[in-house]
Amino acid sequence: MSCDLTNPAFTDENKAREFLEASRWPEGAVCPFCGQMETVKALGGKSMGPGWYFCNECREKFTVRVGTLYERSHIPLHKWLFATHLIVSSKKGMSALQLSRMLGITYKSSWFMCHRIRAAMTPAEKPGPLGGEGKIVEADETYIGGKGKGRTNTSASATRKTSAAWVSKPLLRLPSAAASPDHSALRLFQARRCARSLSLRSAENHP
Ligand SMILES: [Zn+2]
């Protein structure tokens, strides 16, 4: 979404719903229960209000909120989008107190929103090692981790300013195939950093 805070999706609930529908369902509404698209139809009628869909396959009603962090909440969708935008675009984060002031909602509501939005940003699982089973990882001569000293890469000094987790020596030096003809460093690298059962190749030779 654009950083423009005057975007109507931040102030109008219908516009917010349309934005989320277009973003989540670019091809058309998809049932969050069974994943079907062809069996979904929009529900009209004044009693339901706009944004409701019905799936003929699983006989469930749903809106675009179902299956997202905005599900089961009475807080208007445009306030949810605004809060999400403020939290993810604020360099130093956003407190629940500030959010309650900016959105005109209670502290209890803003605390709940902050909690859900931050929880939604948690990575689903820890990233695994490099590559994957049966895949290929290609490696050149390089230093893995450690202090910038001895690196030829000039961006190391820039990195040093932003990282607090420096150790005094490189964690692993991976020499070229010519410097390590027995590929012991490559094998060590593979054992430490890569998924099992993959094929590791250096630029000059294959171990
Ligand atoms: Zn369904």
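These notes cover the cores and the sheet of a predicted model.

1. Residues are numbered from 1 along each chain as its sequence is written. Because the model is predicted, local features need pLDDT of at least 70 and side-chain atom pairs count only at pLDDT 80 or more, while totals for chains, interfaces and linings use all residues.

2. The largest nonpolar core has 18 residues, and Leu81 and Ala83 have the most contacts inside it. Such a core is a set of buried Ala, Val, Leu, Ile, Met, Phe, Trp, Tyr and Cys residues joined through C-beta atoms within 7 Å. Buried means that 20 or more other C-beta atoms, placed from the backbone, lie within 10 Å of the residue's own.

3. At least two residues of this core come from each of α1 (13-24), α2 (77-89), α3 (96-103) and α4 (107-120). The largest share, 6 residues, is from α2. Helices (H or I, at least four residues) and strands (E, at least two) are DSSP runs, numbered from the N terminus.

4. Leaving aside residues up to four places away in sequence, Ala83 touches Leu99, Leu103, Met113 and Ile117. Contact here means C-beta atoms, placed from the backbone, within 7 Å.

5. A second, separate core has 6 residues, among them Ala29, Cys31, Tyr53 and Cys55.

6. Three strands form an open sheet in the order β1-β2-β3, with antiparallel pairing. Two strands pair if DSSP finds at least two bridges between them. β1 (40-42) and β3 (60-62) are the edge strands; each has a single partner, so one side of each lacks a neighbour in the sheet.

7. β1 pairs with β2 (residues 53-55) over 3 bridges, in the antiparallel sense. In this pair, Val40 stands opposite Cys55 of β2.

Notes: Buried ≥ 20, exposed ≤ 12 C-beta atoms within 10 Å, placed from the backbone. Contact = placed C-beta atoms within 7 Å.
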